[in-house]
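This report describes the packing of helices and the pairing of strands in a predicted model. The sequence and structure are shown first.

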Amino acid sequence: MPLPRPSQQYGKHVNLEFTTVCNLTCPECSAATNGSGKRVQKHHEWAYFVEAAKWIYGTEILTVIGGEPTTSPYFAEFIPKFRELFGCKTMILWTNGLKVQQYADIIANHFDLVHASLYDKRTAPWNQRPNGKLI
């Protein structure tokens, strides 16, 4: 039996959780809690994305979010495969900038747009942002 597919009017933009791990603990972040105030910290394996692709293949825009995507040890391995795996036209990274310098080439070569959540002691006193400038 074939898997159901979203109708063409839906699923044009999908936010895909790359990992639940983050270096920050922003109280307004919806990814930070699951109702209990604690979230299982987990980097998703390749099988997670293969299964997701069965359901969302062909989405126009894929936003890679987290947690913080660059915390994943799989970032450099998986991201170059995503456009083909998901059949998307546009890829967006949503990051707080933690390891963008380390992954600068991968980000520049595979993402069409980068959204940055930037916090520092002045704007978010509960965090001390350990990363430097974005690319």
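## Packing of the two helices

Helix α1, formed by residues 46-56, packs against helix α2, formed by residues 75-86, at an angle of about 25 degrees. Their axes lie 10 Å apart. Because angles under 35 degrees count as roughly parallel, α1 is roughly parallel to α2. The crossing of these two helices is right-handed.

## Residues at the helix contact

On the α1 side, the contact is made by W46, F49, V50, A52, A53 and I56. Their counterparts in α2 are F78, K81, F82, L85 and F86. By residue class, the contact of α1 with α2 comprises 10 nonpolar residues and one charged residue, with no polar residue.

## Strand pairing

Strand β1 (residues 13-17) and strand β2 (residues 61-65) run parallel and are joined by five bridges. Within this pairing, E17 stands opposite I65 in β2.

Strand β2 also pairs with strand β3 (residues 90-95); these two strands run parallel and are joined by four bridges. Here L62 stands opposite M91 in β3.

The chain passes from β2 through α2 to reach β3, forming a β-α-β crossover that is right-handed.

Notes
Residues are numbered from 1 along each chain as its sequence is written. This is a predicted model: local features need pLDDT of at least 70, side-chain atom pairs count only at pLDDT 80 or more; totals for chains, interfaces and linings use all residues. Side-chain values use heavy atoms; hydrogens and water are left out. Axes are lines fitted to C-alpha atoms, for helices over the stretch in contact, and angles run from 0 to 180 degrees between N-to-C directions. Angles under 35 degrees count as roughly parallel, over 145 as roughly antiparallel, 65 to 115 as roughly perpendicular and the rest as oblique. A crossing is left-handed if the near helix is turned anticlockwise from the far one by less than a right angle, and right-handed if clockwise. Contact means heavy atoms within 4.5 Å. Ala, Val, Leu, Ile, Met, Phe, Trp, Tyr, Cys and Pro count as nonpolar, Asp, Glu, Lys and Arg as charged, and the others, Gly among them, as polar. Two strands pair if DSSP finds at least two bridges between them. A crossover is right-handed if, with the strands pointing away from the viewer, the path from the first strand over the helix to the second runs clockwise.
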